[in-house]
Amino acid sequence: MSRMQAPVILLKEGTDSSQGVPQIISNINACQAIADAVRTTLGPRGMDKLMVDDQGRCVISNDGATILKTLDIVHPAAKTLVDIAKSQDAEVGDGTTSVTLIAGELLKEMKPFIEDGVHPQIIIRAVRKAASLAVEKIKNIAVPIKKGNPKEMKELLLKCASTALSSKLVAASKDFFAAMVVDAVMMLDDLLPLNMIGIKKVTGGALEDSVLVAGVAFKKTFSYAGFEMQPKTYTKPKIAMLNIELELKAERENAEVRVDNVEEYQSIVDAEWKILYDKLDKIHHSGAKVVLSKLPIGDVATQYFADRDMFCAGRVPEEDLRRTMKACGGSIQTTSQSLTPDVLGTCETFEEVQLGGERFNMFKGCPQAKTCTIILRGGAEQFMEETERSLHDAIMIVRRAIKNDSVVAGGGAVETELSYHLREHSHTIAGKEQLLISAYAKALEVIPRQLCDNAGFDATNILNKLRQRHAQGGRWFGVNILKEDISDNLEDCVWEPAVVKINALTAASEATCLILSVDETIKNPRSGQGDQPGAGRGRGRPM
């Protein structure tokens, strides 16, 4: 009788658990759906996606990570692909679409093996081995750059930046933007901190009206009466950066003051004015000509400064204030007591300029300028946001290229070479690994194939040509979008930092191993809902 015991129920009722091979297959299918979502955005001829969220905001983007972040993905296994795209974006900045595609393709190639009953651990071992072989190969064939020659270095950076921009919306003016991005990154100090490049968007004007300001620029904040009288340009001004409110407090803090007669009330008001004027006098005597504050500067103060030929701006965003401090020296003060010369910043020229419908405060010729601001112009809001994302990718690429000075050819060249290398290597191994490594090799061809598909070329034909050239030793041959053929992409200056490819391969392989190693998903019913009356099948309905 002991065999007939009741089943042991461990999990709460309503828990959904599926396991075994069908579970792995379903996870693979979900990941392929994700890869299909970004598939068509790859490369110079890639299309863009328009995502509309539940509030009706729309985002138009070509950036793999942005698209995946915006999509609300529920499937647990598919989220790993979103994560690798995010990590690629954070680490290298570009190649987010490629990393998702490679992972999706790897899973697709491994699917038949799973269906045939090969154990996932064997596949995982082979994928890890293939990935390390591929990374090793990239390191061997990457072309190092001579850093000694600044002119060569700059040209390399320009090529990398324009390769990164060629697949974006702004591809038409990529030379203009590539030069701007390289100049911007060159202005930073050795650590190349990203937050020292400010990107401000002003609607109106053409894309080519965008400018790079060597220094800090930010929007004119809300201003009070008296502002019109302030001068708008200064040379070598002293700049005071404050975190104090310079305005009269209305008696609104629910403070109760009992007074017997009008004189006493007057003395309270006078005291308040005196406090304000004391602060203003101190600022004036410090010799500062430009006063920036994170908190509001009221109309009395604005007028006071205007009378003394000083410029002030209140409610300056914190990041802008911090960048001003970095560029102009000085430090942000929280009291007006100790405004000594060493806490004031300075710059060559300060001016307020009208850009489109906005007034901009610009600080140029900063003594410690390790910061710059790109002011983007353009028609539609979404268009400018996408431009900002594209520039972010290009800036990251330039930073990577400065830090790691080896490049490989883009346009599917490096993937085809790795594919050829792994395929050759697989012939030297016995056992199941031979099939698995050659499947990995086949999966890498998704990049050149997708580049052809997106441009409307005959992918099979071009891939056959590519395989032939790589087998004959044409190491850097990749797809040439302009000629609908293959060409030596190293000579054609389609360059990418090697670290982009290394990161993409390791992340994609990791994700593949992760998804293949999961054989059961246990989904808990949403806690809290089942317990409330009225949720689920309650409300007195028969069960």
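**Salt bridges, helices and a surface patch**

Tutor: In this predicted model, the side chains of glutamate 318 and lysine 294 meet in a salt bridge, with an N to O distance of 3.5 Å. Glutamate 318 belongs to helix α10 (residues 318-328), while lysine 294 sits in the loop between β10 (290-293) and α9 (299-307), so the pair ties together parts that are 24 residues apart in sequence.

Student: How many salt bridges does the structure hold?

Tutor: The structure holds 27 salt bridges. One of the pairs joins the side chains of arginine 423 and glutamate 445, at 3.6 Å from N to O. Here arginine 423 lies in helix α12 (residues 413-426) and glutamate 445 in the loop between α13 (432-444) and α14 (446-455), so this contact ties together parts that are 22 residues apart in sequence.

Student: What about lysine 501, which residue does it pair with?

Tutor: Lysine 501 forms a salt bridge with glutamate 496, and their closest N and O atoms are 3.4 Å apart. Lysine 501 counts as buried, with 8% relative accessibility, and glutamate 496 also counts as buried, at 14%.

Student: Which residues are linked in a network of salt bridges?

Tutor: Such a network links Lys200, Glu319, Asp320 and Arg323.

Student: Switching to helix packing, how do α4 and α5 cross?

Tutor: The axes of helix α4 (residues 96-115) and helix α5 (residues 120-141) come within 10 Å of each other and cross at roughly 150 degrees. That angle makes α4 roughly antiparallel to α5, because angles over 145 degrees are counted that way.

Student: Is that crossing left-handed or right-handed?

Tutor: The crossing of α4 and α5 is right-handed.

Student: Last topic, the surface: which residues make the nonpolar patch of about 320 Å²?

Tutor: That nonpolar surface patch is made by Val257, Val259, Tyr265 and Ile268. Among them, tyrosine 265 is found in helix α8 (residues 262-285), and at 42% relative accessibility this tyrosine counts as partly exposed.

Key
Residues numbered from 1 in each chain as written. Predicted model: local features only at pLDDT ≥ 70, side-chain atom pairs only at ≥ 80, totals over all residues. Heavy atoms only, no water. Patch = residues over 30% accessible without salt bridge, like charges linked within 9 Å, V, L, I, M, F, W, Y side chains within 5 Å. Areas by Shrake-Rupley, 256 points an atom, 1.4 Å probe, with all protein chains shown as cover. Salt bridge = Lys/Arg side-chain N within 4 Å of Asp/Glu carboxyl O. Helix = DSSP H or I, 4+ residues; strand = E, 2+ residues; numbered from the N terminus. Buried < 20%, exposed > 50% of the residue type's maximum accessible area, 1.4 Å probe, protein only. Axes fitted to C-alpha atoms, helices over the stretch in contact; angles between N-to-C directions. Parallel < 35°, antiparallel > 145°, perpendicular 65-115°, else oblique. Left-handed = near helix turned anticlockwise from the far one by under 90°.
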